[in-house]
Amino acid sequence: MSDHQLPLNPATHIRQSSRQVHCLLGDVFVLMDAASGEYFELNRIGSRLWKEIAAPISIEALVNRLSADYDVDPITCNSEVLVWIGKMRRLGFIEVEDVFGD
Amino acid sequence: MFLYRVFGLTLASELACPELREGQGAPDVSCVCQRARPETSARTSGFDAVPGHFELQVPRVARFVVSNGRTIIIEPHSDADEDSIRLFLLGTVIGALLHQRGVLPLHGSAVCKDDRSVLILGSSGAGKSSLAAALGRHGWRLQSDDISALRLDDGQVWCEAGFPRQKMWPDSLKMLGENPDHYSRVRPTLEKRNMAVASWEFHDARAPICAIVALSGHRDHAPRLAAVEGPRRMAVLKRQTFRAQLSTRLQMQVRHFRMIGALASQAPLWRLQRPRAGGSPLSLAEFLVPHLEGAV
């Protein structure tokens, strides 16, 4: 279950929430919040992240994949990914599963 | 019972609607009139929309009930005229019916050439009908006025044919070189006129959408056209959903989202700003036509 209070750590697994629907336009995703009916457009990087979290993935693995593909150091990448996750969580588009109870 | 075709549906109606095209076969929707209500029964206007059920109360006109996308019940008020009843029936009421059926109604007109549709979206008074009429002089036939019904089929988004009539303000008719006195009012208390569209000027079938024009006004003297990029198109299309508050089922909102997404990838969308003062629909059409020809 997603829990907004749950703290994030590198082993935390995240995934696309089941509360949304999305569609792909070119290389960019547009999401609909199933509760409000509102549409949200992701940018290119957001769309890449969105594709990666179709299935549960740890934040650590996500950051590794991204920093390998983009020319960015892991520390910057990590903090930017966390900001994105925080935003998407508040909007209800991401579910957090702390599988290891860490 | 009369049998009509509208927005891809066959409608069996007790109320005669001479503006609709004749239909045949098994009806998808039936429209029945029930005993007239005394005026005292409802003085306030209002609507109620829950999944599968819509009610609209129009003072001195009628109460309308739409159920499960299949039946429309009209309870006319005793002193109502049929023109007013049909105006609401073929507007908000049929919009609610389309929502119940999962068809996407957009607030806009449609024109068609070489079996490709162009949607002209815009709020009331933006000039959709006059632009559509002006495009008629360039070989674009009217497909729908004010409400366009969209269906996703075969991986494509199609626009359904509405009916061959346009509602026009007297000023717009004058700008098209027409005499408003030659046209009847849409209802006795409204200045707006009915303009019947000849069968050869009407596209009588559905067609895939090849371009979308979102019409608005601005202060400059020349019209302006700006392309809207893919994902942004979805927000424009969502805003132009006809009576979006009548889409009550989540399942339908999801369907609309997918349809809007498919349409946004299928067709370019342009913002067309027309001069508020001094611009005629005829010169606006001349400005727009080369862009449309490129999209067909």
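Predicted model: local features only at pLDDT ≥ 70, side-chain atom pairs only at ≥ 80, totals over all residues.
1. In chain B, the side chains of B:D171 and B:K174 form a salt bridge in which the closest N and O atoms are 3.9 Å apart.

2. Elsewhere, salt bridges that share partners join A:R48, A:E52, A:R65 and A:D69 of chain A into one network. Over all chains, the structure holds 22 salt bridges, and the points that follow take up some of them individually.

3. B:K128 and B:D146 form a salt bridge with their closest N and O atoms 3.8 Å apart. This pair links distant parts of the chain, since B:K128 is in helix 2 (residues 128-136) of chain B while B:D146 is in the loop between strand 11 (141-144) and strand 12 (147-153), 18 residues apart. Are the two partners buried or exposed? B:K128 has a relative accessible area of 5% and so is buried, and B:D146, with a relative accessible area of 18%, is buried as well, because the buried class takes in values under 20%.

4. A further salt bridge in chain B brings together the side chains of B:R137 and B:E178, at 3.9 Å from N to O. This pair, too, links distant parts of the chain: B:R137 is in the loop between helix 2 and strand 11, and B:E178 is in the loop between helix 3 (170-175) and strand 15 (193-196), 41 residues apart. B:R137 is partly exposed, with a relative accessible area of 47%, and B:E178 is also partly exposed, with a relative accessible area of 29%.

5. Turning to the interface, 13 residues of chain A are in contact with 15 residues of chain B. The area buried between chain A and chain B is about 1,200 Å², and carbon and sulfur atoms give 73% of that area. Of the area that chain A buries against chain B, 48% is supplied by A:L25, A:Y39 and A:E41, which is more than any other three residues supply.

6. How many salt bridges are counted between chain A and chain B? The count is one, and A:E41 takes part in such a bridge, its side chain meeting that of B:R232 at 2.9 Å, N to O. On the side of chain A that touches chain B, the elements giving two or more residues are strand 2 (20-25), strand 3 (28-33) and strand 4 (39-41) of chain A. By class, that side of chain A has nine nonpolar, two polar and two charged residues. Residue pairs in polar contact between chain A and chain B number two, with both residues at pLDDT 80 or more.

7. Over all chains, the structure holds four aromatic pairs. In one of them, the rings of A:Y39 and B:F257 have their centres 4.9 Å apart and their planes at 80 degrees, so the pair is edge-to-face, given that planes over 60 degrees apart are placed in that class. The pair crosses between chains, from A:Y39 in strand 4 of chain A to B:F257 in helix 5 (residues 250-266) of chain B. A:Y39 and B:F257 are both buried.

8. Another aromatic pair is formed by B:F2 and B:Y4, whose ring centres are 6.1 Å apart and whose planes are at 15 degrees, so the pair is stacked. B:F2, at 38% relative accessibility, counts as partly exposed, whereas B:Y4, at 7% relative accessibility, counts as buried.

9. At 38% relative accessibility, A:S79 counts as partly exposed. The C-alpha atoms of A:S79 and A:S47 are separated by 17 Å, the two residues being 32 residues apart along the chain.

How values were computed: Residues numbered from 1 in each chain as written. Chains lettered and ligands numbered in written order. Heavy atoms only, no water. Contact = heavy atoms within 4.5 Å. Buried area = accessible area lost by both parts, 1.4 Å probe. Salt bridge = Lys/Arg side-chain N within 4 Å of Asp/Glu carboxyl O. Polar contact = N/O pair within 3.5 Å; in protein donor to acceptor, adjacent residues only side chain to side chain. Helix = DSSP H or I, 4+ residues; strand = E, 2+ residues; numbered from the N terminus. Nonpolar A, V, L, I, M, F, W, Y, C, P; charged D, E, K, R; others polar. Phe/Tyr/Trp six-rings, centres within 6.5 Å; stacked < 30°, edge-to-face > 60°. Buried < 20%, exposed > 50% of the residue type's maximum accessible area, 1.4 Å probe, protein only.
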